Structures are given as structure tokens and as C-alpha cells.
Amino acid sequence: MRIAVTGSIATDHLMTFPGRFADQLVADQLHTVSLSFLVDNLDVRRGGVGPNICFGMGQLGGSPILVGAAGYDFDEYRGWLDRHGVDTGSVRISEVLHTARFVCTTDKDHNQIGSFYTGAMSEARLIELKAVADRVGGLDLVLIGADDPEAMLRHTEECKTREIPFAADFSQQIARMDGNEIRTLLEGATYLFSNEYEKGLIESKTGWTDAEILSRVGHRVTTLGSRGVRIERVGDSPIEVGCPEETAKVDPTGVGDAFRAGFLTGLSWGVGLERAAQVGCMLATLVIETLGTQEYTLRRANFMERFTKAYGEDAATEVQSHLA
């Protein structure tokens, strides 16, 4: 399968302040705040839902096609992704804007002050999926992840017009979208991804019941945190897959992206939904054990050992041939 992943491309600039923000605030001067904090360290991490998902697919041996917009400062990030099996040939490079970035300072009480710069992400709406399909010889599935909202709507409409199967995955952008936009984005999707909270928010904003939404998509894939994932389809019994035991809970950031990477890779292998979800849950477990969304290493022997322990010999035998 040729799978394209659309979504934000960004870097995170994370700093730590050894004191407390609250100690620097003067109650009767909050209307004219002017502060500067001397921080202890700067941690720059690669991020964005598009690259996070593609990185995971590449780690599993896939060849995902990243679709999004980045700035003229993307060269180093591109090199990293290329080296890890990601096709970056369809990334649009802005001539005037930097790659999107999140800049955040955290104090000793874990309070945060942050800013998100959209930057080149706003140009994702200018990308035509037909050009991507022509370059790679056609597309079998497009995952439409959190990105510039106009880009998400345009990509969805183009998939419908050109009859390209697509997966709807709003994640962070669901909060700013209204009911009409969400209805447009999910109607006709082959897969609808969300976590439990987002599932309820989708139903609330669209005014559609769970059953009504399920009738409008091929499969509804709901991640359940530490309880794994549930996959539903009209006329079929739900499929529920649990998570493997983790060695530590280091950082939950990017866990959902990793599940999608494993699930989509499983689909590209041609395994069933349950098996694809198991691959997704195993990859997500590796990410929660690691600080950073793309800092984990997939050691195949270890992956299969843990996969076998969690899901059994039959499941492992089916996955082993594809992973090798």
C-alpha cells in the first residue's frame, strides 16, 4: 500500500526554569507584565503529527509519504526523516516562513508558559494531493492528521472527489473546529481515529450519536489510554486490543501517533484489524518508555519478544515475516 500522511511538521523548543513563575508575578501589576527567565537548559525535539507517524512507519520498515509544509530551515529535519525511511519528496518548502514550532518554558512546579508559531504550516492548504499521487504512482490511503484547518478540509474534499480512501484524525484541531467542519472531515472516512475524550467531543459538536457516526465511516478506531484500543464497524462485533506491559512511563507525548504508525503499517502488510492494532499498541508502548516522540529505537528481536509475550505465538508468527 502507498500511504500518505498529512499533518503538522514542527519542532519543539523546551526550556526549564529552576524557580517558580508565581514568585515572579506581582498581583497588582499583572496588566503590565514584562518578565525574562534565565533557563537551565534547552531541549530541541523533532515533532509534528505527520513526521511522528511517518517515523514510526519507517521504523517498522514501511515507506510512508509525508505531506505537509515546512520552512526553509527544514534541511536537517528532512535528512533525519529520509534516513529513517520517510519519503519527504512531497513536503512543501516555504520561501519566506520558518517551520512551525512550539516554544515552552516549564517551572519547578510544572507550570508552563508556551507559544505556538504556525509558520509554514499555513501553506499546507496549497498542496494538491493529485501531484503527490502522480509522483508516487497513486495513493491507496491518505491519513488526514492535525494540520492547518484549511488544509485538512481541502485534502478531505480532494480525497472524496478523486475517490481516494482516507482516514480522519483531527486530534489537537478538534477543539477549534465547529460541527459542520467536523461532519465534513469524517463523512465517508475509511477510518476515524480519536481518543475517548475526542470521541465524546465529536459527538457533541456534530450532534450525531455514536451509531450515526459509525454509519458514516468504515471503521471507528478509539484509543483507550492504558486499556488499549477499540475498533468498531457496523454489523461486526467490536475488536478490543490491550497494551503490552511497559517497563516505565516516561513521557506520553506521541503515543497516539505511534499507535497510528503501527496500525497503518499493519494495514499495509495486509494483516487483519486486530493484528494491526496489536502492532500499533506495541509501538506505542516503546514511545511511552522514551523521552521524545522520535527518540526510540525499534530493535526487532526485542520488539518480537515483547509482542509474543503480549499477544501470543500465532500473532507473533504472522507479524514476524513482515517485520523481518
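Two strands count as paired if DSSP finds at least two bridges between them. Keep that in mind, because the model I am showing is a predicted one, and pairing is how I will walk through it.

Start with strands β11 and β12. β11 covers residues 219-223 and β12 covers residues 229-232. They pair in the antiparallel sense, over four bridges. To find one of these on the screen, go to Val 221, whose bridge partner in β12 is Ile 231.

Now zoom out. Which sheet do these strands belong to? An open one of nine strands, in the order β5-β4-β1-β8-β9-β10-β11-β12-β13, and the pairing in it is mixed. At the edges stand β5, residues 87-93, and β13, residues 239-241. Each has a single partner strand, so one side of each is left without a neighbour in the sheet. On average, neighbouring strands here are turned by 20 degrees against each other, direction ignored.

Next, what packs on the sheet? Helix α1, residues 49-59, does. It touches β1 (3-6), β4 (65-70) and β8 (141-144). The direction of α1 makes about 150 degrees with that of β1.

Last, a pair of helices. α5 is residues 179-186 and α6 is residues 196-206. Their axes come within 8 Å and cross at roughly 115 degrees, and the crossing is left-handed. Which residues meet there? From α5, Gly 179, Ile 182, Arg 183 and Leu 186; from α6, Ile 202, Lys 205 and Thr 206. Sorted by type, the residues of this contact are three nonpolar, two polar and two charged.

Conventions: Residues are numbered from 1 along each chain as its sequence is written. This is a predicted model: local features need pLDDT of at least 70, side-chain atom pairs count only at pLDDT 80 or more; totals for chains, interfaces and linings use all residues. Side-chain values use heavy atoms; hydrogens and water are left out. Helices (H or I, at least four residues) and strands (E, at least two) are DSSP runs, numbered from the N terminus. Axes are lines fitted to C-alpha atoms, for helices over the stretch in contact, and angles run from 0 to 180 degrees between N-to-C directions. Contact means heavy atoms within 4.5 Å. A crossing is left-handed if the near helix is turned anticlockwise from the far one by less than a right angle, and right-handed if clockwise. Ala, Val, Leu, Ile, Met, Phe, Trp, Tyr, Cys and Pro count as nonpolar, Asp, Glu, Lys and Arg as charged, and the others, Gly among them, as polar.
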